[in-house]
Amino acid sequence: MIGLYVPGDSPVHRAPAGLKLAVLALLLLVLAVAPTTAVLIEGTAVVVGGAALSGVGARAVVAQVRPLLWVVVPVAVLQLLITGPAAAVRVVGALVLAVAAAGLVTLTTRTEELLDVLISVLRPLRRVGVDPDRVALVLALAVRSVPVLAGLAAEVRQARAARGAERSLRAFAVPLVIRSLRHADRLGEALAARGVDD
Amino acid sequence: MTIELQGVTHRFGDRVVLADVDLVLAERRIGVVGANGSGKSTLARLLNGLVVPTRGRVLVDGLDTARQGAAVRRRVGFVFTDPDAQIVMPTVAEDVAFSLRRSGLDRGQRAARVMQVLQRFGLDGHAHHPAHLLSGGQKQLLALAAVLVTEPSVLVCDEPTTLLDARNARRVADLLSGLPQQLVLVTHHLDQLARFDRVLVVDAGRIVADGPPEAGLAAYDDLLAMGSAT
């Protein structure tokens with residue numbers, strides 16, 4: 001859910017968001033409970049087939065998985081040492097497959113549709129005081145904030161370098177926290193202006 | 001629409017940001033100028049209830065911003081300086097649609113309205129693009145589109161062109177000047193106010209000049225020349 005929706009009119013794009021999330025949830029459940037080789041092969045076939053049918057392109061799906069590398073490598077090494085190559089393949093395969101499947105869903109589903117499903121699912125929790133709209137908004141803001149915070153971090157890094165303090169953690173962390181808080185403050189004001197609390 | 005400020009004073013802690021302001025704003029185009037920290041942004045925020053006065057009251061079409069804020073905000077849209085803080089959804093179309101979430105329109109009607117507004121602002125080609133990939137000028141256009149899609153009667157803009165380059169600033173200013181809405185524009189770009197009906201000059205929390213653009217801007221020039229603008 002990082003705002004990388006690729007517009008399209010494929011059957012995968014047109015499939016209801018609820019159905020896609022249900023299939024994803026089922027896949028994740030099976031991968032968690034029984035990550036067998038057969039499950040991995042079938043799951044990979046579903047994801048590869050879905051990606052091909054959607055037309056989003058292999059590069060977009062791979063891009064969803066790439067940030068996982070720094071987790072996958074140590075996990076793979078650890079599994080190799082502790083449980084052997086077969087288990088390492090299963091664990092790493094399940095991890096990569098899960099992220100690729102989730103990535104395919106976000107690449108082919110608008111955030112608005114995902115949030116509508118979330119709101120529907122959470123609706124029964126109104127009775128215990130959960131506001132589904134508020135939860136959905138928080139998630140949307142979290143998604144939206146990723147590129148904003150990345151931009152702030154890049155600006156702070158440049159400012160730090162311009163002042164010759166490339167290695168100073170404090171020169172990075174303090175302005176980043178301050179700018180992030182200021183952004184949060186402005187965002188809150190903008191939400192109020194757009195009638196979120198009304 | 002008429003906006004009235006009656007004996008408005010606003011404090012942040014011990015600091016008086018606006019003092020004893022009485023205004024009736026009924027003109028179609030109203031400009032607000034003043035130095036940083038003069039109180040002009042607080043004045044703008046008072047107009048749609050984002051800030052409620054410490055003393056006095058603000059009435060929008062007879063509605064008190066302190067007690068009927070929601071109704072006021074449906075009538076008065078607000079555009080901020082930094083569009084990045086105003087855009088709340090990941091993609092362009094979703095952000096505009098967010099403004100319509102309580103409009104009572106169904107999904108199809110919302111999508112049609114969103115596309116209509118995006119076309120008007122030249123953003124229809126970016127409808128499903130991530131909002132953070134837009135240029136600064138496009139982001140400000142998106143922020144404007146997201147406010148105007150709800151068709152407010154009044155638009156308050158707090159320095160909407162300050163972060164833009166000259167070309168985008170001109171584009172946004174031209175767009176603002178062509179809007180049918182009543183417009184209250186806070187700006188440092190004085191040339192944008194030349195054809196306005198009225199200009200308010202704010203200094204140290206007080207309205208120190210109020211009149212047609214020539215008189216208002218001349219008064220602001222005098223203020224700058226005297227070096228007394230805060």
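Predicted model: local features only at pLDDT ≥ 70, side-chain atom pairs only at ≥ 80, totals over all residues.
Residues are numbered from 1 along each chain as its sequence is written, while chains are lettered from A and ligands numbered from 1 in the order in which they are written.

The C-alpha trace of chain B spans about 55 × 40 × 30 Å along its principal axes. Chain B holds 8 helices and 10 strands, which are DSSP runs numbered from the N terminus (helices H or I, at least four residues; strands E, at least two). Of its 230 residues, 48% are buried, that is, 20 or more other C-beta atoms, placed from the backbone, lie within 10 Å of their own.

The contact between the chains takes 24 residues from chain A and 23 residues from chain B; two residues are in contact if their C-beta atoms, placed from the backbone, lie within 7 Å. On the side of chain B that touches chain A, the largest share, 4 residues, comes from H2(B). The table sorts this side by class.

| Class | Members of the class | Residues on this side of chain B |
|---|---|---|
| Nonpolar | Ala, Val, Leu, Ile, Met, Phe, Trp, Tyr, Cys, Pro | 11 residues |
| Polar | the others, Gly among them | 7 residues |

Definitions and conventions
Buried ≥ 20, exposed ≤ 12 C-beta atoms within 10 Å, placed from the backbone.
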